[in-house]
Amino acid sequence: MGFWAQVGAILWKDIVVELRTKERLSSMFFFALLVIVIFNFVFEPGSEAMREIAPGILWVTFTFAGLLGLTRSFTMERENGCLSGLLLCPADRGAIFVGKALGNAVFMVVVEAVALPFFGVFMNVAVLPALGRLLILMALGTVGFSAVGTLFAAMSANTKMREVMLPLLLFPILVPILLAAVKGTEAVLAGEGLGGVSGWVKIAVAFCALFTAASILLFDYVVEE
Amino acid sequence: MREGPAIEAVGVTKTFGGTRALRGVDLRVERGDFLSIFGPNGAGKSTLLGILATLVRPTSGSVRVEGWDVREDAHQVRGKIGVISHQTLIYDDLTAYENLCFYGRMYGLRDLGGRVERALAQVGLAGRGHDRAGGFSRGMKQRLSIARSTLHAPSVLLLDEPFTGLDPSASDMLSGLLGALKGEGRTVVMITHDIAHGLDLADRVALLVQGRWVYQQATKGLDPAQLKAIYEQHVQAV
Amino acid sequence: MSTILGILALAGMLVAPYFALIYASVEKEQKLAQKIFYFHVPSAWVSFLGFFIVFVASVLYLWKKERIYDLWASAAAEVGVLFCTLVLLTGPIWAKPIWNAWWVWDARLTTTLVLWLIYVAYLMLRSYGGDAAQNAKFRAVLGIVGFLDVPLIYESVNIWRTLHPPQLIRKGGLQADMFEALMVCLTAFTALFLALLFQRVSLARAEEELATIRADLQERETSPTP
C-alpha cells in the first residue's frame, strides 16, 4: 500500500499547490481559449471547411494546453531542488511517475471540461448528443498524452534547451493517439457510435497501455543521476 | 541495527564526462561522530555527499551507509539518512505543516499530525505551522528544512553548506539545533565554509582538494586560526 | 571489419545501378520513373534497420551502462536519418511524374516521415543536450520509446488512409528479373549502410579516446604531485 499512498501524496501536493496559485490551470485554459478563437479568424465561421477541421482544432487546443501543463509540472520541482527531495524519499520511482502523470492528466481533464462548451459555442458544433462517446475519447487521449508527456517533460526539464525540446520530442511520438483522437472525434460528432470507431479506440487503448508501462519503467533512468 | 561504522566508503571515484570530480576517496565515519568537510569550490565535496545520499552514482568504489550498500540497497539507505542542502527542498506554496505532512507520507510515517507538531516545535516554528513556507525568512526556511530532514528520525545526517546565507543569529540557532541533533547520537557529515561553526561542532575535520583528501584530523586541540592556516597552505599549493 | 565492408559496399554500389537500370525490365505503366523503386525501397529498409539498431543499443545502454552502446546508438541514428532522408527525397521524385503530386500521404511514406521526425529529434537532443551521461540516458529512452511506437504509427496511419480511397493502386507481384534487381540493390544498400555505420562508430570511439587523453593531460598539468 506504500506505493499508492505515495502516489496519492504527490497527487495531493500538486493539486493543493495548484489550488493556491492557479498558475497552471489559468494559463492552460486561457491558452485553449486563444487557440479556438484564432482558428475562428483563420477560417470562415460556419463554413464547410470549419466543420471539417473542428475536431482537429479541438485536439490542437487540448494538446497545446496540455503541453503548458506538462512543462510546469517539472519546473515546479526544479525550484528549491524539490525533485531531489522526492528522490531522497524511500519511494519507488514508479510511484513518483504515476503521481506526476495523474496530476497532469487531472489538470488536462479540468481544462478540457471547461474548454469543451466554449468549443461547442464558438464552432457551432453539437457536442451534447455525442457527449458520452466524446468523454471516452478525451479520457483515452489525455491518458496517452500524460503517460508519454510526463516522461518526456522530466527529460526536457534537464536539457539545456529546457521546455523548447518538449514539443519537438513529444509530437511525433503522439501521432497514433492524436490520429485516433481526432478521427474518432470526427466520427462521433457525425453520429457514429463507439462500435463504428472501434479501430481508433483499439489504437488509443494500445497506445495508453504500452506507454504507461514503458514510461513507468523508463522514468527511473530519466531521473537518476 | 547493523554492525560497523555509520559510513564506510572505499576507493570512490566519480567522473562526469571529461571531468574527474572524485579520484579515489576513502571515508570512515563512526556512529555518533560529527565530521566537517572543508575545501575550495569544485573540490568534489557536494559530489561526495551526493553519493552518500544515493543521489549520485559513483563511477567506482564501494559505499556503505549504516551497513547498506548505496547502489544495491538504496531504498534502505534512504530511510536512514536525512539531507539538508543549500536548497531548501521545500514547496513554497504549501504551508510548513503541509510540507512536513507531505514528506511524512512519502516516508510512510504514522501518527503524522503529532509528529509534525513536535518537529515544528523542536525547530522553533510551532506558531508558524500554518503559514505559507515561501514567506519565511532564510533562517526559518533552513529550520523547516531541518524539520523535514529529521522527521523520519534518520540516524545519519548529511548537510551541504547549511550556514550559507544565514545571518549571525540564525547561524547560532542552527548551530544550537545541530548540537542538539549530535547530542541525540546521530552521525553527521557536514560540508561547510564556515570554519568557526564547522570546528565547534565537529569531532573530526577533513579537507578535500581536487577530488582527494589532503588533510584529516580530530578537532581536539585545533583552533579556527590554525585550521584556516592549514586550509590556505593546502589550497595555495595547487 | 570496416575495410571489408567498405570494399563490399563499393562493389555493391557499382553493380546496383546496372541491375536497377539495365538488367531489370522497364515497367509497363510507370516506365522509367519506376526505376527509382530500386533505390527508394532499399533506403527504407536500411533506415528501418538503423532505427532497430538504435533500439537494441539503447536497451543495452540502459541495462549495462557502458558508453560503447551509446556510441552505437548515436551512430545508427545518424546513418538511419541519412537513409530516411533519401527515402523522403526519392518519394516525391517518384510521385511527381506518376501522380502529378510532389507528396502522397500514403501509409508507408507518412510513417517514414514521422520516423524521420522522431530520429531528427534524437539527433537534436544530442546536439543541444551535450554528451553528458545523463543526456545519453535520455537519448536511450527516446530511442526505445520511438521504436516501440513504430507499429502503432504504421497502423494508425494505415487506418487513416484507408478511409480515403487510395489514389494509386499498387500492382501486386514483381517479375522475376525485377525481384532479382531489387535483391541486389537491397544487398548493396545494406553493405553501404553497415560500412558507414562501422566507420561512424570508429570515429566516435576515436573522439572518446581523444577526450580521455585530453582530460588526463589536463589533470597531469594541474596536480604536481602524483
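**Chain A and its neighbours**

Chain C and chain A meet through 27 residues of chain C and 26 of chain A, where two residues are in contact if their C-beta atoms, placed from the backbone, lie within 7 Å. This is a predicted model, in which local features need pLDDT of at least 70 and side-chain atom pairs count only at pLDDT 80 or more, while totals for chains, interfaces and linings use all residues. Residues are numbered from 1 along each chain as its sequence is written, with chains lettered from A and ligands numbered from 1 in the order in which they are written.

On the side of chain C that touches chain A, the elements giving two or more residues are α4 (107-129) and α5 (133-163) of chain C. The largest share, 17 residues, is from α5(C). Sorted by class, this side of chain C holds 18 nonpolar, six polar and three charged residues. Here Ala, Val, Leu, Ile, Met, Phe, Trp, Tyr, Cys and Pro count as nonpolar, Asp, Glu, Lys and Arg as charged, and the others, Gly among them, as polar.

Chain B touches chain A as well, with 23 residues of chain B in contact with 21 residues of chain A. At least two residues each come from α2 (74-80) and α3 (96-106) of chain B, and α3(B) gives the most, with four residues. The class count for this side of chain B is 11 nonpolar, six polar and six charged.

As for chain A itself, it has eight helices and zero strands; helices (H or I, at least four residues) and strands (E, at least two) are DSSP runs, numbered from the N terminus. Of the 225 residues, 53% count as buried, that is, with 20 or more other C-beta atoms within 10 Å of their own.

Within chain A, helix α3 (residues 48-78) and helix α6 (residues 131-156) pack at an angle of about 40°, their axes 10 Å apart. Axes are lines fitted to C-alpha atoms, for helices over the stretch in contact, and angles run from 0 to 180 degrees between N-to-C directions. Residues making the contact include Phe62(A), Gly66(A) and Phe74(A) of α3(A) and Gly141(A), Phe145(A) and Ala153(A) of α6(A). The residues of this contact divide into six nonpolar, seven polar and no charged.

How values were computed. A residue is buried if 20 or more other C-beta atoms lie within 10 Å of its own, exposed if 12 or fewer, and partly exposed in between; C-beta atoms are placed from the backbone.
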